[in-house]
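Please keep the sequence and the model in view while reading.

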Amino acid sequence: MMLSYEDDKLEIERRYQAVCKKHNLSFEQHNVYLPNRVDSPDKPIQIFDLEGSQPNPTLFARGLSDNLIERDIGLLIIDPLSSINPADENSNSAMARVIRELGSIARQADCAVLLVHHTRKTGKNKRVKGNADISRGAKALTDGCRAVKTLSTMTVAEAKPRSIDPKTAASYV
């Protein structure tokens, strides 16, 4: 299941079909589920709302693990994290609560959760690749995750040994 707040359903399906084609997989055989709000399809489904300064699971969040189990979904992708959480992302207590709730959903549904999160702004000389501390917001976010990966575009120096045209290096991660 993918909860995407930056791309629409057609764009996500287009990308997924391209991945399936590239790897000789059948798009129809995969259980791709992209939920929309019935009342406002253009608005994101909220997993958390605020009570004071702390995030609390919404009704959708409380039923999410059942939905994942019912559909036999093994991966929940949330892109980006900031769209499901109205709390201050710099608050360690708020982010720890978000991560705990998502961990609970994962355990109940026996699935993995992939959170897409943005990095803070960096200068040209900052180390980005492989640096979990480049993540925006509270340290509790990265501390609460089992694994944290950073994505960055390929450099010309990285493209050469892979026989990739240096002009197209930036289109690879």
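Is E11 buried, partly exposed or exposed? At 23% relative accessibility, E11 counts as partly exposed, where buried means under 20% relative accessible area, exposed over 50%, and partly exposed in between (1.4 Å probe, protein chains only).

This is a predicted model, in which local features need pLDDT of at least 70, side-chain atom pairs count only at pLDDT 80 or more, and totals for chains, interfaces and linings use all residues. Residues are numbered from 1 along each chain as its sequence is written, and side-chain values use heavy atoms, with hydrogens and water left out.

**Helix α1**

- Helix α1 covers residues 9–22, which makes 14 residues; helices (H or I, at least four residues) and strands (E, at least two) are DSSP runs, numbered from the N terminus.
- From its first C-alpha to its last, α1 reaches 20 Å, close to the expected 20 Å, the expected span being 1.5 Å times one less than the number of residues.
- Just after α1, N24 takes a positive phi of about 55°.

**Salt bridges**

- The whole structure holds 5 salt bridges, each being a side-chain nitrogen of Lys or Arg within 4 Å of a carboxyl oxygen of Asp or Glu.
- One of them joins R14 to E11, with the closest N and O atoms 2.7 Å apart.
- Both R14 and E11 lie in helix α1, 3 residues apart, about one turn of the helix.
- An α-helix has 3.6 residues a turn, so residues three or four places apart point the same way.
- R14 counts as partly exposed, at 48% relative accessibility.
- In helix α4, D143 and K139 lie 4 residues apart, about one turn of the helix, and their side chains meet in a salt bridge (3.2 Å, N to O).
- D143 counts as exposed at 53% relative accessibility, whereas K139 is partly exposed, with a relative accessible area of 43%.
- Salt bridges that share partners join D7, E11, R14 and R15 into one network.
- The side chains of R136 and E89 also meet in a salt bridge, at 2.5 Å from N to O.
- R136 lies in the loop between β5 (112–115) and α4 (139–143) and E89 in the loop between β4 (75–79) and α3 (92–109), so this pair ties together parts that are 47 residues apart in sequence.
- R136 counts as partly exposed at 29% relative accessibility, while E89 counts as buried at 17%.

**Cysteines**

- A search of the whole structure finds 0 disulfides, a disulfide being a pair of cysteine sulfur atoms within 2.5 Å.
- C20 is buried, with a relative accessible area of 1%, whereas C145 is partly exposed, at 25%.

**Residue T58**

- T58 lies in the loop between β3 (54–57) and α2 (59–70) and counts as buried, at 11% relative accessibility.
- Not counting residues up to four places away in sequence, T58 touches Q46, I47, F48 and D49, where contact means heavy atoms within 4.5 Å.

**Largest pocket**

- About 1,000 Å³ of space lies in the largest pocket. On a 1 Å grid over the protein atoms alone, a pocket is an open set of points where a 1.4 Å probe fits, with protein on both sides within 12 Å along at least five of seven lines; lining residues have an atom within 4 Å of a point.
- Of the 30 residues that line the largest pocket, V113, L114, L115, C145 and A147 are the closest to its centre.
- The elements giving two or more residues to this lining are α3, β5 and α4, and α3 gives the most, with 6 residues.

Notes: Grid points are joined across faces, edges and corners, and a volume is the space filled by probe spheres set on the points.
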